[in-house]
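Please open the structure in your viewer and keep the selection tool at hand. The tour goes one stop at a time.

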Amino acid sequence: MIRFDRVRKAWPAPDGGQVVALDGVDLHVEVGQIVALIGPSGCGKTTTLKCINRLVEPDSGRVEVGGVDISTMEATALRRRIGWVIQKGGLFPHMTVAQNIGLLPKLVGGTDPARVDELLELVRLSPRHFRDRYPSELSGGQAQRVGVARALVQDPEILLMDEPFGALDPVTRRQLHVEFKGLLERVAKTVVLVTHDMAEAFAMADRVVFLEAGRVVQDGTPEELRAAPATAEVASFLEAL
Amino acid sequence: MILWVAAALAQDEPVVVGSKTFTESRLLGEVMAQLIEGRTEIPVERKLGLGGTTIVYGALESGEVDLYPEYTGTGWAVHLGIEEPVRDPLRAFGVVQQRFRDERELLWLAPFGFNNTYAMALRDEVAAEHGITKVSELAGHPELRAGVSHEFLEREDGWPGLAEAYGLQVDELRGMDHGLAYEALRSGEIDLIDAYSTDGKLARFPVRVLADDLRYFPPYDCAPLVRADLLERHPELGPLLGELAFSLSDAEMAELNAAVEVDGRAFEEVAASFLSEQGLLDAAAVAEGPDTNRDADLGTFVAARTDLLLRLLGEHLALTGTAVLLAILTAVPLGVAVSRRRALRPLLTVAGVLQTIPGLALLALLIPLLGLGWANAIAALFLYALLPILQNTATGLDEVDASLLEAGRGMGLTEGQLLRHVLLPLAMPTILAGVRTSTVISVGVATLAAFIGAGGLGEPIVTGLALNDTRLVLLGAVPAAALAVLVDLGLAALGRAATPRGLRT
């Protein structure tokens with residue numbers, strides 16, 4: 001479904017040199033799998049995620065989605081096939097919940113008024129109470145639920161989530177982990193999730209990919225990581241559990 | 001055939017008579033206009049009261065105006081920029097006439113006869129007592145109390161130079177406002193003042209103007225300054241305007257100025273009666289001018305001008321509205337471009353520089369391009385309105401949270417959709433604040449439009465300032481100020497209404 005082949009990306013550094021973000025990343029995500037990208041700050045996990053919907057263009061290497069090199073596809077067309085969820089939901093503050101969710105269908109010309117309510121039900125928000133609220137009238141958890149509903153509106157094959165629960169308090173977070181794990185299995189999407197929280201990774205993901213300094217240092221099931229951490233960094237992340 | 005059409009068009013093209021803002025210039029403009037109207041078939045257009053020498057002269061050079069009354073001293077020092085002072089009026093006229101004709105195709109016709117320069121005026125009583133008629137006779141009278149304008153007191157070619165040239169010395173010398181000086185003279189507090197030699201007040205206050213017998217003050221003889229091509233088109237105008245030559249002495253000009261400024265008579269009426277007294281025009285041709293009776297109370301004064309006020313208000317709104325609308329249509333897209341491309345940032349600086357050009361200077365600069373009137377005024381207002389809208393559009397867009405842009409791009413919005421559905425709505429309150437600033441500035445600056453004949457509420461202000469008539473000034477200034485406040489409040493309310501509910505705090 002998603003395949004990375006020796007993907008490299010470097011950013012210009014303030015001193016005139018370069019900071020290597022991705023140093024030859026290889027990755028393979030199967031259809032229907034939920035994969036968590038985890039690692040310390042600056043390890044390249046968010047950059048890797050953004051390479052999938054072309055918010056970041058690699059310097060070299062190749063990214064494929066559904067067997068097609070995405071650099072040959074039109075970026076907006078690609079992104080419309082991929083749901084995108086960011087921290088705090090990334091909701092547009094001047095639009096109501098319904099307008100936020102319905103924006104893309106409205107623009108591509110396929111408005112089904114029932115679809116918004118259906119998605120609100122899916123993320124367990126009562127349409128009657130939430131449809132016409134503005135983002136400023138939502139709690140953090142509610143905003144995040146709306147963000148997921150918005151990402152699912154075009155029924156994408158892939159869902160990318162960039163630290164979706166990062167800004168929430170631990171109790172809400174744990175509750176959402178359980179709930180979204182169920183939801184993601186129900187909608188049967190291929191999911192790539194970025195997190196810095198091993199508990200979140202273990203709660204949500206079928207497979208955990210650990211990055212350090214732009215390289216994949218371990219790739220396996222939660223059990224495999226727990227049994228044999230590949231580096232000291234992986235071990236220290238496991239200790240926090 | 002083409003020649004014939006061109007000739008026919010030239011026949012119908014009016015002669016445009018201009019003038020500066022002050023009473024004397026307007027009066028002479030009106031005199032020339034009535035003379036041409038009364039004695040030829042050529043249509044006449046008046047552009048009287050154009051602001052300042054630069055603007056009228058610019059209009060003459062560009063052909064927007066065909067003739068206006070100008071002073072030799074101004075031609076010498078301002079237009080030709082000759083630094084050496086001139087004393088001899090014949091030499092001044094000769095040089096100015098020759099150089100304007102050879103270098104600029106502008107003709108100085110025969111002067112009206114008066115010389116509007118600095119003069120010293122002595123209280124009648126004192127003058128009679130000592131038998132003083134000339135400045136040189138002031139020497140040896142240190143007991144005379146002098147009150148002169150601050151400028152005259154300081155300028156090297158004012159009092160200091162005069163005192164040296166004539167060997168004058170007075171024990172008491174005060175700098176004071178011109179208007180106050182006349183009053184102080186009347187009440188006997190001072191004896192000697194400086195004045196302009198054709199000032200209307202000289203004709204109404206008990207003073208004697210002293211002859212400048214050493215020719216200390218530079219000559220400012222007044223004459224029609226005419227485009228050479230006008231006389232090619234209408235050769236008969238040369239001799240006709242020539243009939244005005246030497247028709248006015250200093251005292252007679254002062255008397256005409258006083259008729260308007262002190263007695264409150266209309267320009268048209270004063271001009272017509274002058275022409276009929278000179279035997280240049282039938283008295284029957286006198287047009288009835290507007291009532292400028294200074295004794296009418298304010299209520300009557302304003303009530304008599306409701307129609308005028310409404311017309312001016314309409315013009316003012318049309319000027320401002322058009323300019324701001326054009327500015328929005330230009331500055332919002334430019335602001336978007338500036339916020340998207342770093343390389344375009346210098347546009348903000350350019351707009352900033354435009355904003356620092358003084359209003360009158362900008363109007364004057366635009367005359368060669370756009371002439372006098374609407375187009376010019378709107379262009380100037382437009383240029384002033386650009387910066388606040390441009391700046392606020394760029395700032396408003398820059399301030400939109402980067403994570404929202406990424407959210408929009410990530411979900412598959414095109415750059416255009418992102419701009420329309422996310423960036424512009426979020427920046428709208430800031431953009432509208434810029435529109436509000438621009439509009440309020442434009443309402444204020446639009447009062448300057450009157451200086452180039454574009455109408456608006458500045459018209460009574462300019463006329464009122466020239467006539468020293470406070471009521472006329474207020475007739476323009478009060479509605480202009482009220483309009484600015486109303487527009488500000490109205491746009492603030494509109495801004496609140498246009499702010500999406502989710503953004504209100």
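The model is predicted.

**Stop 1: strands of chain A**

Select residues 2–12 of chain A, which form strand S1. To see one facing pair, pick A:Arg3, which has A:His28 of S2(A) opposite. Now go to the hairpin of S1(A) and S2(A), where 5 residues lie between the strands. There, A:Gly16 has a positive phi near 95°.

Next, select strand S4 of chain A, residues 60–65, which is antiparallel to S1(A) and linked to S1(A) by 5 bridges. Here A:Arg8 faces A:Ser60 of S4(A).

**Stop 2: where chain B touches chain A**

Show both chains. On this contact, 18 residues of chain B meet 18 residues of chain A. On the chain B side, select helix H19 (402–410) and helix H20 (415–445), the elements that give two or more residues. H19(B) gives the most, with 6 residues. Colour that side of chain B by residue type: 8 of its residues are nonpolar, 7 polar and 3 charged.

**Stop 3: a residue in helix H17**

Select residues 359–370 of chain B, helix H17, and find B:Ala361 within that helix. How many other C-beta atoms lie within 10 Å of B:Ala361? There are 13, so B:Ala361 is partly exposed. Finally, select B:Arg87, 274 residues from B:Ala361 along the chain. The C-alpha atoms of the two residues are 31 Å apart.

Definitions and conventions: Residues are numbered from 1 along each chain as its sequence is written. Chains are lettered from A and ligands numbered from 1 in the order in which they are written. This is a predicted model: local features need pLDDT of at least 70, side-chain atom pairs count only at pLDDT 80 or more; totals for chains, interfaces and linings use all residues. Two residues are in contact if their C-beta atoms, placed from the backbone, lie within 7 Å. Helices (H or I, at least four residues) and strands (E, at least two) are DSSP runs, numbered from the N terminus. Ala, Val, Leu, Ile, Met, Phe, Trp, Tyr, Cys and Pro count as nonpolar, Asp, Glu, Lys and Arg as charged, and the others, Gly among them, as polar. Two strands pair if DSSP finds at least two bridges between them. A residue is buried if 20 or more other C-beta atoms lie within 10 Å of its own, exposed if 12 or fewer, and partly exposed in between; C-beta atoms are placed from the backbone.
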